Every structure is written in C-alpha cells, then in structure tokens.
Amino acid sequence: MSAFLGYKCSLCGAEYAPGEVQYVCPKHGDMGNLDVVLDYAAINRSASPETVSASQESSLWRYLPLLPVGDPGFANTPLHAAGWTPFYRADRLAADLGLQHVYLKDDGRNPTASFKDRASAVVVARALEIRAPVIAAASTGNAGAALAGIAAAVGQPAVILAPETAPQAKVAQLLMFGAKVLLVKGNYDQAFDLTLEASREFGWYCRNTGYNPFTLEGKKTAAFEICEQLSAAQGHRAGRTWQAPDRIFVSVGDGNIISGVHKGLKDLFALGWIDKIPKLMGVQAEGSAAVANAWASDTETITPVAAQTLADSISVDLPRDGVRAVRAARETGGAYIRVSDAEILDAMRALARRAAVFAEPAGSTAYAGLVKAAAMGMVDPSETLAVLNTGNGLKDVKSAMQAAGEAVKIEPTLAAVRQVVA
Ligand SMILES: [Zn+2]
C-alpha cells in the first residue's frame, strides 16, 4: 500500500493530487519542480527502522514503504539490484586529512555503475504503473545508461538524448542496452530541452532529471542507506532510530542528487527515524558552479554559466534542480565548495590508492570537496563524515588515465624488469 498523497510545488507551495499533474507545477513552465508528499503516519504504521533493517531485500526496494510506487515486480533483475551499495570506513583517507570518522558510499557499484540507477529504478516502476509506452531521458551519459539498462531489464523501450561529447564508455553502454540513442550536436542543456519538446510531441514518458518528480524519490534512498549502514557500522542496534552522520559530501551538477539526499533525510526526520539532519556539503567543479554561485550570493536565483570541466556528469550550464540544491545546504547548515579539475584528478587518485574506490571525475569531486573543507578548517576532526561517490571510474577511462599517468613499457626480459625496479 503506497503512502503517496500527491505533490507540492517547491517554488509556490501549491499542492496537487497524484493524477492532477505529471511533471512540474503548471505555474512556472518547466522549472516548478514538485516534491512528492507522503503520508508519514501511514508509513510509521507499516514500517520502522527495525523492520527495514531486518529486510532480506538487497536493493533500494527494501525502502518500499517510503516510496511513492508499488512493488514493480521483476525480482532478480537489475531493477531489483539498484541501490544497497557498499558503505566503507576509509581510515587511511581520514588519517591523511587529520580526521577520525570518514565513510565512503560507493554508488559506482550499481547495476549500470552509477548513482543514476536509483532514479531510473523508481521512474521505471512509475512508468510501469501508468503504462507508459516509451520512456525518454536527456543525459550526460549516466542517467541514460541507467534508464537504458533498467528499461532493458523490464522490456520497456527507451530513447536517450545525450551530448555528442559524452565519454565513449557511456555511449557504449547506451547502445549495448538497446536504447534508441540520439547524440545531440550540442551540450546537455540543449539535449534536456529537446527531450522535453520531443516527449510532448511523441507522447513519451519523460525521465528528465528534476523535471520528473520520481527521480528525486529514487535518489533519496541513498540517504536512507547512509543512515542505516552507518548504524550497522557503529554497532547501533536498529530499533526505532538510525544514526545520521554529521555531514554528507555530494558532488553537484543539476542539483538533483543533493536535493534527493535532502529529501531522504527530511523523510527520515519527519518519521522520527533519525534525530538530526546532517549538514549537506555540495561540491561543484569551478567551471560548472551555478549552484555554488547562488549559494555564495545567498540567493535562490540560479544564473546559468558556460560550463567547462572534465567532470562531464556535473557539467551543466543551467542546473534543473538548482533552487532545491541551494536549499539543501542552506536549510541543513551545510555549505557549497568549488574545486578545480586538478583537485578532482588528485581526489580520483586518493580514492583509488587509499580506499580502493575507482571513481569517475564527477564522483571523486565530492571527496575533493572534503579535502578542501578539511584544509579550510570547515569540519571538526571528530565529526562523522560520509562522502558519496556517484559513478565508476571505468565510465571515463580517458580521465582516469589523465589522473593515473602512463604505464612503463619494457622489453620481455628480466634485465628490463631489474632496470625498472631498481
Ligand atoms: Zn508552483
């Protein structure tokens, strides 16, 4: 039994019944992102941290009572493999930074190797419920791969529009999963707007990030997992509450992931399942920092930038979930941090060599933010800190080689080995 009551506009607060609108508040064009409203009393009647922690479901569907969709079925398929990713204690990284409690949430370990599987799983469940004939999405690559992969698992046709500059591994994933792939001779923002237009024209169900309210509902499950897994890691017996970390570091492009994590924490707090909301630390690439700029100017007006960063997944001119992303830091007492591409490459190396997590540039951006926050004295050494990696490093081998350097080539002789190891 779903606790889905309807939607509330994030800009004007207008409320809508589940069948009344599909994507955004009609009063603000394409930018009036909707929050899903849940019946918290009903959820608390059917579930608790204790019942969830006892679940045998090793995917985000362990949180079904907190989601606005019913059980989509398709057990033992990638639809039921999204989420419940590893949560590591990273003591060597913590020691490097003079900190005591650093944890890594590795969402590169999802079925299509990125965080976006969370959003696609819940959007595909919604598409099955409303019997959508075709799902479409604009993507820098990861969201498209996630939609294509999960759609393939349930036999749902998918159309993906991505910028032609998307890394080759991501395009390969789209093609392998059998989606209709349209590489747009333009940037992500142009692909985004074209997907909205085409979805209206051809009657496709549009998964565009932020625009579709169910993307946020999938992404919020990362916050649930961080609190549940932190409790287990700290030996806290799941009863009526889970433990929340002091801060969560999240890389930010469109702003939908940090907004999703914020929504998940707000859900848990409203349910009484955590007793505090962690400070959310948004991290942006210097060359794609529209949300960080708005936060620094203490405004919710998002001014587009001409995005330029090697972290392709967070390269965005106009963040489509910028307002909620600014609020995620402001309402939790968090902050925004900007990092350079060089700092992102440093973070990729550190994550891999000191914690065995191979992250793509956008994923390691969150850790680059922690490095900077620690250096600037923004965190107390005793705080419990969670860092979210959003994508696997195999998605962008070119950047990985840039971070890792070249391998040594030798003649096939022992003498050559001796010369190199000397
Ligand atoms: Zn509105």
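These notebook entries record what I looked up in a predicted model.

**Conventions.** I number residues from 1 along each chain as its sequence is written, and side-chain values use heavy atoms, with hydrogens and water left out. Because the model is predicted, local features need pLDDT of at least 70 and side-chain atom pairs count only at pLDDT 80 or more, while totals for chains, interfaces and linings use all residues.

**Entry 1, the whole chain.** I found 16 helices and 13 strands in the chain; these are DSSP runs numbered from the N terminus, helices being H or I of at least four residues and strands E of at least two. The radius of gyration is 21 Å, close to the 22 Å from the globule rule for 422 residues, so the chain is as compact as a globular protein of that length. The radius is taken over C-alpha atoms, and the rule is 2.2 Å times the number of residues to the power 0.38. Along the principal axes, the C-alpha atoms fill a box of roughly 75 × 50 × 45 Å.

I traced an open sheet of six strands in the order 4-5-13-10-11-12, with mixed pairing; two strands pair if DSSP finds at least two bridges between them. Strand 4 (87-89) and strand 12 (335-339) are at the edges with a single partner strand each, so one side of each has no neighbour in the sheet. Neighbouring strands of this sheet are turned by 25° against each other on average, direction ignored. Strand 5 (101-106) and strand 13 (384-389) pair in the parallel sense over six bridges, and valine 102 stands opposite leucine 385 in strand 13.

I then looked up the helices on this sheet. Helix 10 (256-271) lies across strand 10 (247-251), strand 11 (279-285), strand 12 and strand 13, at about 175° to strand 11. Helix 12 (322-330) lies across strand 11 and strand 12, at about 110° to strand 12. Contact here means heavy atoms within 4.5 Å. Axes are lines fitted to C-alpha atoms, for helices over the stretch in contact, and angles run from 0 to 180 degrees between N-to-C directions.

Strand 7 (158-163) and strand 8 are joined in the parallel sense over five bridges; leucine 161 stands opposite leucine 182 in strand 8.

I searched a 1 Å grid over the protein atoms alone: a cavity is a set of points where a 1.4 Å probe fits but cannot get out, a pocket is an open set with protein on both sides within 12 Å along at least five of seven lines, and lining residues have an atom within 4 Å of a point. The largest pocket holds about 490 Å³ of space. Its lining counts 23 residues, with Thr165, Ala166, Pro167, Thr309 and Asp312 nearest the centre. Helix 15 gives the largest share of this lining, four residues. Helix 6 (168-176), helix 7 (188-202) and helix 15 (397-404) each supply at least two.

I counted one cavity of 30 Å³ or more. The largest cavity has a volume of about 200 Å³. Among its 23 lining residues, Lys116, Asp254, Ile257, Ser313 and Ile314 are closest to the centre. Helix 5 and helix 10 each supply at least two residues of the lining of this cavity. For volumes, grid points are joined across faces, edges and corners, and the space filled by probe spheres set on the points is taken.
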